[in-house]
Amino acid sequence: MSMLTGALARQAAEIVRQAGKLLTEPDAVQTIIPKSRTDFVTNVDLFVQERIRGRLNRLAPDVQFLGEEGEKAAIDPGRPFWILDPVDGTTNLIHRFGHSAVSLALAEHGQVCFGVVYQPYSGECFTAFRGKGAFLNGRPIRVSGAARLEESLLSAGTVPGRRDLADRAFRQMRSLYDRCQDIRRAGCASLDLCWVACGRLEGYVELALQPWDYAAGLLLVEEAGGEVTAPDGGPLSLTEGGAVLASNRLLHPALIETLKQ
Ligand code: 2AM
Ligand code: CA
């Protein structure tokens, strides 16, 4: 039995949209706290998480909560849990790059059953429901039909928080670049996945992400007809992070092959 109803999904998406507007306020960022030299949290990340967590708790008190910021309560994967990134693309937010998102997923029975990714600067709201499709502002979306890497536009992340992986990431980027039309790098994993889902990109790879970066986007891609796995084709965890490869499905084998080299 699923706890997900249309009403719950609609209200959760509305909570995300309302909180997401806070990212666009001029001077939203007041405090920048380093987690490491290349990874930061701002007052916006913390405030948006607390606002969304409070509202979700009132909406569905029995659902557990996994959010990027602060203490992580132990999750029982046998019971439903929310997975929230209050600001995906914090570095973009700090630089007023206008490309960040709020990403929320609901996991049940070991898989994501609902996902919403909201880009407050463009007003684009991506939603997906397992078995029922993926949508951009309510309209169905589909992955690209490109069947050859030569006709693909790809996104390759630079794993800014893991400089130890930089050589590997840039080597992979070069191998992909030699086979595709071009590469983009916009700094927000959840939106990279949504862009694969709606056909703007044919594929996306990043070597170290956390479940809150990809949980919602993963369902978007799958429901739009694409595929999301580890770069070797293996499964992804919803409670532990890992490397992520997303594609329009047709290019998945060629991408796995390229990334092996
Ligand atoms: P974030 O902005 O929520 O941290 C950038 O390459 C992408 O990777 C962003 O989606 C970013 O999410 C994510 N990411 C995951 N782990 C990270 C880390 N330790 N440092 C920086 N970005 C990280
Ligand atoms: Ca974040």
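Okay, let's start with one residue: Asp-85 is buried, at 1% relative accessibility. Bear in mind that everything I show today is from a predicted model.

So what does Asp-85 do here? Glu-68 sits in the loop between E3 and E4, and Asp-85 in strand E4, 17 residues apart, and the pair links distant parts of the chain. Is Glu-68 buried or exposed? Buried, with a relative accessible area of 16%.

Now look at the strands around that site. E3, residues 64-67, and E4, residues 81-88, run parallel and pair over four bridges. Gly-67 is opposite Leu-84 of E4. Along E3, Gln-64 and Leu-66 point to one side, Phe-65 and Gly-67 to the other, and all of them are buried.

Moving on to another sheet. It is open and mixed, with five strands in the order E11-E10-E12-E14-E13. Which strands stand at the edges? Those are E11 (182-184) and E13 (227-229); each has a single partner strand, so one side of each has no neighbour in the sheet. From one strand to the next, the twist averages 20°. E10, residues 153-156, is joined to E11 by three bridges, and the two run parallel. One pair to find on your screen is Leu-154 with its bridge partner Ile-183 in E11.

Then the helices. H6, residues 211-223, lies across E12, E13 and E14, at about 150° to E13. H7, residues 252-260, also packs on the sheet, where it touches E10, E12, E13 and E14, and its direction makes about 140° with that of E14.

In soluble globular proteins, nonpolar side chains tend to be buried together. Here the largest nonpolar core has 39 residues, and Ile-83, Phe-126, Ile-141 and Leu-220 touch the most other members. H6 gives the largest share, eight residues. Domain 1 (6-140) and domain 2 (149-260) each put in at least three residues.

Take Phe-126 as an example: leaving out neighbours within four places in sequence, its contacts include Val-116, Phe-135, Ile-141, Trp-195 and Leu-220. There is also a second, separate core of 29 residues, with Ala-60, Leu-84, Leu-93 and Cys-113 among them.

Technical notes: Residues numbered from 1 in each chain as written. Chains lettered and ligands numbered in written order. Predicted model: local features only at pLDDT ≥ 70, side-chain atom pairs only at ≥ 80, totals over all residues. Heavy atoms only, no water. Pairing = 2+ DSSP bridges. Axes fitted to C-alpha atoms, helices over the stretch in contact; angles between N-to-C directions. Contact = heavy atoms within 4.5 Å. Buried < 20%, exposed > 50% of the residue type's maximum accessible area, 1.4 Å probe, protein only. Core = buried A, V, L, I, M, F, W, Y, C linked by side-chain atoms within 4.5 Å. Domains from an automatic or database assignment.
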